[in-house]
Amino acid sequence: MEYLKLCDSDYRFMSVVWEHAPVGSGELVKLCSEILGWKKSTTYTTIRKLSEKGYISNENATVSVRIPRERVQADESEYFVERTFGGSLPHFLTAFLGGKKISEEEAERLKRLIDEHREG
């Protein structure tokens, strides 16, 4: 399976796009300068690269999202659990919690999520 994965700098850039899209490319250059400390050329290079990969579109100097944040987060999470824990969600949760306690509310939310995604 091919997962959607972004390097850290591309993910930070996409976070700006997800928050502000649709956004003019000139405005995006300003935002990336302020938020990421990027030069104009870095932003335009990243716009081109992520447009070619299909994450965003850049038409008439307006950058729009083509792949939503939730899809990228889901793919990256699935890839991480598959690679690091052999796809075992219980092994991931055991490592993630690492002896930490969760609130009753968090436990109930997790139970509801499990029930909603249970097979059969």
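**Figure 1. Radius of gyration and extent of the predicted protein chain.** The radius of gyration of the protein chain is 18 Å, whereas a compact globule of 120 residues would have one near 14 Å. This radius is taken over C-alpha atoms, and the globule rule is 2.2 Å times the number of residues to the power 0.38. The C-alpha trace spans about 45 × 30 × 25 Å along its principal axes. The model is predicted: local features need pLDDT of at least 70 and side-chain atom pairs count only at pLDDT 80 or more, while totals for chains, interfaces and linings use all residues. Residues are numbered from 1 along each chain as its sequence is written, and side-chain values use heavy atoms, with hydrogens and water left out.

Figure 2. The protein chain contains six helices and three strands, arranged along the sequence as α-β-α-α-β-β-α-α-α. Helices (H or I, at least four residues) and strands (E, at least two) are DSSP runs numbered from the N terminus. Of the 120 residues, 28% are buried; buried means under 20% relative accessible area, exposed over 50%, and partly exposed in between (1.4 Å probe, protein chains only). Among contacts with a separation of 6 or more, 55% join residues 24 or more positions apart, a contact being heavy atoms within 4.5 Å.

**Figure 3. The salt bridge between Lys 49 and Asp 10.** The structure holds six salt bridges, each defined as a side-chain nitrogen of Lys or Arg within 4 Å of a carboxyl oxygen of Asp or Glu. In one of them, the side chains of Lys 49 and Asp 10 meet at 3.0 Å, N to O. The pair links distant parts of the chain, with Lys 49 in helix α3 (residues 40-52) and Asp 10 in helix α1 (residues 8-20), 39 residues apart. Lys 49 is partly exposed, at 32% relative accessible area, whereas Asp 10 is buried, at 3%.

**Figure 4. The salt bridge between Arg 69 and Glu 19.** The side chains of Arg 69 and Glu 19 form a salt bridge of 2.8 Å, N to O. Arg 69 belongs to helix α4 (residues 69-85) and Glu 19 to helix α1, so the pair ties together parts 50 residues apart in sequence. Glu 19 is exposed, with a relative accessible area of 58%.

**Figure 5. The salt bridge between Arg 71 and Asp 75 in helix α4.** The closest N and O atoms of Arg 71 and Asp 75 are 3.5 Å apart in this salt bridge. Because the two residues lie four residues apart in helix α4, about one helical turn separates Arg 71 from Asp 75. Arg 71 is partly exposed, at 42% relative accessibility, whereas Asp 75 is buried, with a relative accessible area of 6%.
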